[in-house]
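This briefing concerns nonpolar cores and aromatic rings. Please consult the sequence and the structure shown below while reading.

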Amino acid sequence: ESWDVITLVRDPLARNISAFFHNLTELFPPEESIDGILGKSVEELREVFINHYPPDNVWFQTQLEPLTGIDVYSIPFDHEEKCIVAEGDRCRLLVLRTEDLSKTGAACTARFLGLENLKFINANEAANKIYKEMYKNFVRNARLPDEYLDQMYGSQLARHFYKPEEIAVFRERWRGGGGS
């Protein structure tokens, strides 16, 4: 039996920040109320983020490859189509970048699945979460150190899925705040 597997990749720093906010209550002492956490300053959050929320740039090797038998890093990312399509013994795989979903995601997915008129709907957005204001403020104002940016954007994940000029744009966004 063969599966069709679809997975996403995202600017690794944007993904890490999103996961950080999603897991906020697990990063502070259990006795700290949600209101106390939501009242933290950007500087306090930045310190916890940098020092206690490590990057996760190995998901493809530790989770996806053992399940599918497919090493995504052995397949060049198609910067024209904005995806990777691979076939293994156990499955067919489609990897999409979240940054491209609104432009090419539905078309790539429809081709992969043999469907027509597929549409994507945005869901699970920070704008709909209890921490939305804190998240926006952090993204707008957190200036992250070059060492952290080097770690995130020097990763195999970043270098495989993003062109150097795309990485430069990401780095500048997070170096000066104003990320998205």
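**Cores and aromatic contacts**

Leaving aside residues up to four places away in sequence, Phe 161 touches Val 9, Phe 60, Val 72, Tyr 73, Phe 77, His 79, Ile 84, Val 95, Arg 97 and Glu 166. The model described here is predicted. In soluble globular proteins, nonpolar side chains tend to be buried together.

**Nonpolar cores**

- The largest nonpolar core comprises 45 residues, and Leu 13, Ile 17, Phe 21 and Phe 161 have the most contacts inside it.
- Helix H1, spanning residues 12–22, gives the most to this core, contributing 6 residues.
- Another core, of 5 residues, lies apart from it; Cys 83, Leu 96, Cys 108 and Phe 112 are among its members.

**Aromatic pairs**

- The whole structure contains 16 aromatic pairs.
- One of them joins Phe 20 and Phe 138 in a tilted arrangement, with 6.2 Å from centre to centre and 35° between the planes.
- This pair links distant parts of the chain, since Phe 20 belongs to helix H1 and Phe 138 to helix H7 (residues 132–141), 118 residues apart.
- Phe 20 counts as buried because its relative accessibility is 0%, and Phe 138 is buried with a relative accessible area of 1%.
- Phe 138 also forms an edge-to-face pair with Phe 21, at 5.3 Å centre to centre and 65° between the planes.
- Here too helices H1 and H7 are linked, with Phe 21 and Phe 138 lying 117 residues apart.
- Phe 21 is buried, with a relative accessible area of 1%.

**Cluster and charge**

- A single aromatic cluster is formed by Phe 20, Phe 21, Phe 49, Tyr 53, Tyr 135, Phe 138 and Tyr 148.
- The charged end of Arg 92 sits over the ring of Phe 112, 4.1 Å from the ring's centre.

Conventions
Residues numbered from 1 in each chain as written. Predicted model: local features only at pLDDT ≥ 70, side-chain atom pairs only at ≥ 80, totals over all residues. Heavy atoms only, no water. Core = buried A, V, L, I, M, F, W, Y, C linked by side-chain atoms within 4.5 Å. Buried < 20%, exposed > 50% of the residue type's maximum accessible area, 1.4 Å probe, protein only. Helix = DSSP H or I, 4+ residues; strand = E, 2+ residues; numbered from the N terminus. Contact = heavy atoms within 4.5 Å. Phe/Tyr/Trp six-rings, centres within 6.5 Å; stacked < 30°, edge-to-face > 60°. Lys NZ or Arg CZ within 6 Å of the ring centre and 35° of its normal.
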